[in-house]
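Work through the exercises below with the sequence and the model side by side. Try each task before you read its solution.

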Amino acid sequence: MTAVRAPQNTLRDFAVSVLQKAKVAPEQAECTADILVWSDLIGRGSQGVWRLPILCKRTGMGILNGRCQPQWTRNAAAVESVNGDNGLGHYVGHVAMARAMELAKKNGCGMVGVTHSNYYGAGAYYVQMAAQQEMIGLAFSNSFPKVAAHGGYKPVFGTNPMAFGAPSQDGHSLLVDMATAQSAGSTVRKYQEANKPMPEGIAVDAQGKPITDPFEIEKGTILPAGGARGYGLALLVEILSGVLTGAGFSHHVKSLYKDFEHGGNNGNLLIAIDIKQFLPLQNYYQKLNTFLALLHGSTPTDPERKVLYPGELRWEEHDHNQQHGIPLDKATKEALEKLGKELEVRVPW
Amino acid sequence: MPGNTLAADKLSAYLGTLLSKLAGDTPQNQTLAETLVWHDLIGRPAQGVARFQALYHDIREGRITHPCQPALIKKNHSGARLDGDNGPGQTVATQAMDQAMTLAREAGMGLVTVGNSHDPGTAAYEVQRAARQNLVALAFGTSAPCMAAHGGSEPVLGENRLAFAAPRSTDQPLLFEMLTTAPDPAPGLLKGTAPLIQTTLQPFAGAKGYCLAVMVEILAGILSGNAEGESGDTGQCFVAIDISRFMPAAEFQDRMEELYGFIKASGDDPSSLHLPGEARWQLLAQHQQQGITLDPGTARELAALGQEHGLTWPAGDLP
């Protein structure tokens, strides 16, 4: 339920101001605000400005470094590592993808491993950075454990999202951003809002029994998507973003919401692929357009809902929200009002 | 021992010789034979020698080029695109992964795409090969359309697979391979190189499987420059990452074992928690010791092919 619609620019200004009041350096505050607001724009509010109160709380307390100085290591011609200095994951993720893209320009592909970082929000943002420069982007991130292994019931993995972006000719990139867990928080919230029980198979309790009450999920463990396959994908993300990069993995990654003594220790792996160094762009777009036409030409199983390519709905929301303002629900509106009051920043409504 | 059970090396030598009758002496005979036999060893017969007869006929009748000479079309410091020369998917996969591994040693990572070849039905062999050399590897492959888009009705995507492998401190790498279709097509339907699937499959886990299939289509299909929708034409993409550019291989392996420790402790019974691939390695060890038992029909087909060239089936009398 939308409580208020905030214009993109003023919402961004608000985000920048509160972050700066919470000891975040101007450049890092602007970068983080851009990414949070973009997530709201594309209709992924769960990764949006809703996160400002916890981010400000952590930077204000100094558990999250608002003035990080990332340290770079040149591993190989196409591969670098960056120690995020316990900084805002959004800022670190942004500089890491920007660097992966530079490496890709020089080498065809570029890869940056991120260590000592924190929650970085929507992976879709980083891959669309690449897509807008006519590159393919991939982004992997681990997170605080709340997902079980296949056959287990205690948490081992984060929701471990993986993201993929590829340019399309009209600028509306293909965007994939998926949790490898059965269900991301946003899905659970839908059941909470509707006050309806969830189907079995989404989460289990401390004894391994199914949880169907969406309000009980916080106490439980989420299951991997589709059992063994989601487990394999969660491992893929954990290994690429955590084990390989040298970042924290599994229980070494700390909670954004529950741990106020340690940095998150999250890891990311960002990859950029410069398409034109593999085939002429014209050729790429020609093939892509044929493929998209094939997808769009599918007969929908539900006549009301035409078949879309991944990310297409996000851009519809993006364009709509850009015009009409970003919808914020009651809880987010009130949380931002409270935050604004604490930090003496006026909310933009 | 009945004649459909035989040692892996005998079987691959026999198949290699059979190929040499068609193609003359080339190292590709043995590569192709061993790749197929390996799938029987790990308990995936549908991607194994059950495919040999169809491959053999396709080669003999010129539909598949063997030996093939994949050509480098584009190369950069960390990537390359190959033309598969209409070769068997297994052979071009080996060459593409070799290229990706070489690039990874030089530049830290290598990404190689290859089009204009035939569907190998698997990518597991190549990623585990890279993992045994202390690389982390990913592979993506398209196939002929058999799966609908999420919310769609007609087949517009292949069974589009992805595979991943990472070394451990043992000689049994983590090995994960999945199709983006749900449920897996019955193995019988995948026999041979031509798709025999009549029904339209749906993506695994709805939107998730669809998203992954589209990702695979772009990385392996489009980035390989593969022609859209041409029959028998398949695209593959291989990624290798040199672990030693991040940390010593031994340290990586220790971290893998620590992660596995967390997994083992996440249920009541550690013996019911496994890493992907473990069951495959158990079967491999078992089949290496006891031999591979082929489906009797497959064994008879292969024996008959040999007879045409005066080759004796290397095991006992067939059942």
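## Exercise 1: A serine and its surroundings

Leave out residues up to four places away in sequence, and Ser39(A) touches Arg44(A), Gly45(A), Gln47(A), Gly48(A) and Ala122(A). Keep in mind that this is a predicted model.

**Task.** Find the helix that holds Ser39(A). Then decide: is Ser39(A) buried or exposed?

**Solution.** 
- Step 1. Locate the residue. Ser39(A) sits in helix α2 of chain A, residues 26–41.
- Step 2. Read its relative accessible area. The value for Ser39(A) is 0%.
- Step 3. Apply the cut-off. Buried means under 20%. Ser39(A) is therefore buried, at 0%.

## Exercise 2: A glutamine in chain B

**Task.** Then list its contacts beyond four places in sequence.

**Solution.** 
- Step 1. Buried is under 20% and exposed is over 50%, with partly exposed in between.
- Step 2. With neighbours within four places set aside, Gln95(B) is in contact with Gln28(B), Cys68(B), Pro70(B) and Leu82(B).
- Step 3. Now pick another residue, Gly316(B). In sequence, Gln95(B) and Gly316(B) are 221 residues apart. In space, their C-alpha atoms are 35 Å apart.

## Exercise 3: Two domains of chain B

**Task.** Divide chain B into its domains. Then describe how domain 1 of chain B meets domain 2 of chain B.

**Solution.** 
- Step 1. Domain 1 of chain B takes in 5–64 + 278–308, and domain 2 takes in 71–245.
- Step 2. Take the centres over C-alpha atoms. Those of domain 1 and domain 2 of chain B are separated by 21 Å.
- Step 3. Count the contacts. Domain 1 of chain B brings 21 residues, and domain 2 of chain B brings 26.
- Step 4. Look at the buried area. Between these domains of chain B it is about 2,100 Å², and carbon and sulfur atoms give 60% of that. On the domain 1 side of chain B, Arg51(B), Ile64(B) and Trp281(B) lose the most area to domain 2, together 32% of what that side buries.
- Step 5. Check the charges. The rule finds 1 salt bridge across the interface of domain 1 and domain 2 of chain B. Arg44(B) and Glu177(B) form a side-chain salt bridge, 2.5 Å from N to O.
- Step 6. Trace the elements. α2 (27–41), α3 (52–60) and α8 (278–290) of chain B each give at least two residues to the domain 1 side that touches domain 2. The largest share comes from α2(B), with 7 residues.
- Step 7. Sort that side of domain 1 of chain B by type: 9 nonpolar, 6 polar and 6 charged residues.

## Exercise 4: Chain B against chain A

**Task.** How many residues of each chain are in contact where chain B and chain A meet? What kinds of contact join them?

**Solution.** 
- Step 1. Contact links 71 residues of chain B with 78 residues of chain A.
- Step 2. The two chains, B and A, bury about 6,000 Å² between them, with 73% on carbon and sulfur atoms.
- Step 3. Between chain B and chain A there are 0 salt bridges. The rule does find 25 residue pairs in polar contact across this interface, both at pLDDT 80 or more.
- Step 4. Helix α6 of chain B (residues 207–222) supplies the largest share of the side of chain B that touches chain A, 10 residues.
- Step 5. That side of chain B splits into 42 nonpolar, 18 polar and 11 charged residues.

Key: Residues numbered from 1 in each chain as written. Chains lettered and ligands numbered in written order. Predicted model: local features only at pLDDT ≥ 70, side-chain atom pairs only at ≥ 80, totals over all residues. Heavy atoms only, no water. Domains from an automatic or database assignment. Contact = heavy atoms within 4.5 Å. Buried area = accessible area lost by both parts, 1.4 Å probe. Salt bridge = Lys/Arg side-chain N within 4 Å of Asp/Glu carboxyl O. Helix = DSSP H or I, 4+ residues; strand = E, 2+ residues; numbered from the N terminus. Nonpolar A, V, L, I, M, F, W, Y, C, P; charged D, E, K, R; others polar. Polar contact = N/O pair within 3.5 Å; in protein donor to acceptor, adjacent residues only side chain to side chain. Buried < 20%, exposed > 50% of the residue type's maximum accessible area, 1.4 Å probe, protein only.
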